[in-house]
Amino acid sequence: MQSGAMDSRISPALRRNFQRLLAPAHMAFIGGTQVEYTLNTLRLQNYAGVVEVVHPKRDSIAGYKCVPSIEDLSASPDAVFLAVNADATIVALNKLRARDAGGVVCYASGFSEIGEAGAQRSLDFVKASGDMAVVGPNWYGLVNYVNHGSIWPALYPPLSGTRGAAVISQSGNVTGHIVSNGRSVPFSYLISAGNQGVLGFEDYIDYLVDDPNVTCLGLFMEGIRDVAAFAQACLRARAKAIPVIVCRSGRSDLGATMAASHTSSLAGRNEYYEALFNRLGVIQTDTVPEFLEMLKIASLADRIGGSRLTVFSSSGGDNGLAADYCSFAGLDLPQPSAQQVGAIKPLLPDFGHVSNPLDFTAGYWGSEKLLTPMFTTMLSGDYDAGLLVIDYPPAGSARTDTSAHEAMDRALAAAGKAAGKPVFHASVNTGGITAEASAQMIAQGIVPLQGLHDAASVIAKWAQYCGLMRADAKVGQASFAGRVPYALGEVGDTRRTVNEAEAKARLEAYGLPVPVGQALTLAQISELPETFEGRMVLKVLHDDLPHKTEVGGVALHLLGREAAVTAANQMLQNVAKQAPSVRLENFLLEPMQPQPVAELIVGIKRDPLFGMVLVVGGGGIFVELLKDAASLLLPASRNDIEAALRSLKSFALLDGFRGRPQVNLTPVIDAIEAITAYAGDHLDTLMELDVNPLMVFENGVVAVDALIIEATAGS
């Protein structure tokens, strides 16, 4: 296992103060208008601790007595709401640190989100925070369903329990949307993280995975500030089987611009985020409704043994939609066995048909006595879970009798218990299950899911996550080895492009197969044999000519000395015209390669946020025409590399497409590993590396061209 991947990065002092923030016995509120809003909300909660308010001029706020200063507080506060301006915030933080405050949530804006103008203030903010658990700045609120010590400016729905999803959001408004949802999602905490001036996603995850009230972690994010620390925290969550679920904004070009301007987050490319989440086992969602349904299923559902689902409904249309959405999501809907058909057929009307999805017909609507054995027989077969598709009448409608719906849910719950498998109830419409119906389902062990499309998606994601947990259990912590991406330091300002011959020599030393070439002057070319043993290629060789074709610096199919001399002289003329500042003295002569089975492009990119990123793609026209590439964060395992290759649209060319030879992947993976090994040994200087094309043959590969761009090492 990679060193440190499982260790908590939070200091004991910060961990202690984090605990005080989320389980406060003494709360202090500092400020005016925003304090009044939050106190009005707190008064409606079942908070049993001490509340004090600091204001230099007022006697009371929202019915709570005020003291004039932080020094006048009766005791060291566990949780503080600080709602004063940016400069006053830093002064107050220093005073609170002196009073040994536990955690502080900071409302003020005017820090890193305003760019250069707030940069020094942000540094002062961090310094003033010390070991306190500081949330924000530019923060909206914290809802605490466990201790009820909430700091939230608006009313929020009560929940009957204290255990559920913990949500950390970079957006205050989105936090409000999430807490106000009508989807019966159980929560423990909802935290608006703001600018993450002190506490970042990595800190929240690291602490909350040890909280017994937390069932899963939901992150609404616009960016990650420290990928390596985030990865370590997510691996801690994975080791504890606490799902981490992400909904990310900023995936479009415009959205990324908005995210950066809103929170000063360093927004990276989408494929890098996806590569990071995939390697960590983070569950990705596309929309806030899907995010909420995923939080719900991760909080309420039992582990699911696989992706095989049986679906029940009284409507052919609903079942058709279920079949489509489940198939699109990657769920399997196997048909019932002959034994199941024989058992269920007599229970259906004559016109009924036993299939999956199972249409139990409108005639059996609400018939618990008949549906229970049907559902039980299906679930007892080769299925991992059951799904009932029924919409409830909307709350407040003229149709209020839901006894038939409740009977069908009882049949589903009984079947799930008898078969020992998870069961779900999905509505076709978003909002097709009332809060009252949801509560009844949950009490019976049914997970209610709003909207059939999202229901299929989250069941599939849950099945995939449960499969990951089973795989982890088999191999233990060894499965986490190399999961944390490289953390890179800064590099110097000087850049150098390494010429092709030197780049190939460096990579060959790491095991990358390259052509047998010669670096030659024009005089040496003039002394070559009159005829060559095979066709040759001649290229210009200079550090300042990385793109040789663009300057007319490549000649193919050369058969002897005369052709090579002619080509070299032409290249001298071309370079003099296209790049007059370059003094061309050397050329690279190599044998032409036979027609490959396929071509690949293999590259390494240095990203300031994600570290070293490996990009593997179909070579030639496929990269630009089909956008056929996969990204992996380094370090990457052989399994990671093979999975990336198999994900390419052009992988069919390697797999025997239309009579082509089926490629032995071992040499291909060996070659890519050689490239990544070079990158791993040059983290301090490597900026970019490209092997394009990597020619792939039935039982081998050859790197026909190679480019390395390096920098001076940073201080």
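Helices α11 and α16 cross in a right-handed manner. The contact between them is formed by D318, L321, A322, Y325, C326 and A329 from α11, together with L452, H453, A456, S457 and A460 from α16. The model described here is predicted. Its chain of 715 residues has 55% of them buried, and the secondary structure comprises 22 helices and 29 strands.

**Overall form of the chain**

- Taken along the principal axes, the C-alpha atoms occupy a box of roughly 95 × 80 × 40 Å.
- Among contacts in the chain with a separation of 6 or more, 72% are between residues 24 or more positions apart.

**Packing of α11 with α16**

- Two packed helices are described by the angle between their axes and the distance between the axes.
- For helix α11 (residues 316–329) and helix α16 (residues 452–475), the axes come within 9 Å and cross at roughly 40 degrees.
- Because angles under 35 degrees count as roughly parallel and 65 to 115 as roughly perpendicular, α11 and α16 are classed as oblique to each other.
- Sorted by class, the residues of the contact of α11 with α16 are eight nonpolar, two polar and one charged.

**Packing of α7 with α9**

- Helix α7 (residues 227–239) packs with helix α9 (residues 270–280) at an angle of about 30 degrees, and their axes are 10 Å apart.
- That angle makes α7 roughly parallel to α9, since the cut-off for this description is under 35 degrees.
- The crossing of α7 and α9 is right-handed.
- On the α7 side the contact involves V227, F230, A231, C234, L235 and R238, which meet L276, F277, R279 and L280 of α9.
- The contact of α7 with α9 contains eight nonpolar and two charged residues, and no polar ones.

**The enclosed helix α5**

- Helix α5 (residues 172–179) is largely enclosed by the rest of the structure, because six of its eight residues are buried.
- These buried residues are G172, V174, T175, G176, I178 and V179.
- The N-terminal end of α5 is capped by S171, which has a side-chain oxygen 3.1 Å from the backbone nitrogen of V174.

- Most residues other than glycine have a negative phi, and most peptide bonds are trans.
- N356 and P357 are joined by a cis peptide bond with omega of about 5 degrees. P357 is placed in the loop between α12 (338–344) and β15 (358–359).
- A cis peptide bond also joins N692 and P693, with omega of about 5 degrees. P693 is located in strand β27 (residues 686–697).
- A62, a residue other than glycine, has a positive phi near 55 degrees. Its place is the loop between β3 (60–61) and β4 (64–67). With a relative accessible area of 18%, A62 is buried, because the cut-off for that term is under 20%.
- H557 is not a glycine, yet its phi is positive at about 60 degrees. The residue H557 lies in strand β22 (residues 554–560). Its relative accessible area of 44% makes H557 partly exposed, since that class runs between the buried limit of 20% and the exposed limit of 50%.

Methods
Residues numbered from 1 in each chain as written. Predicted model: local features only at pLDDT ≥ 70, side-chain atom pairs only at ≥ 80, totals over all residues. Heavy atoms only, no water. Buried < 20%, exposed > 50% of the residue type's maximum accessible area, 1.4 Å probe, protein only. Helix = DSSP H or I, 4+ residues; strand = E, 2+ residues; numbered from the N terminus. Polar contact = N/O pair within 3.5 Å; in protein donor to acceptor, adjacent residues only side chain to side chain. Axes fitted to C-alpha atoms, helices over the stretch in contact; angles between N-to-C directions. Parallel < 35°, antiparallel > 145°, perpendicular 65-115°, else oblique. Left-handed = near helix turned anticlockwise from the far one by under 90°. Contact = heavy atoms within 4.5 Å. Nonpolar A, V, L, I, M, F, W, Y, C, P; charged D, E, K, R; others polar.
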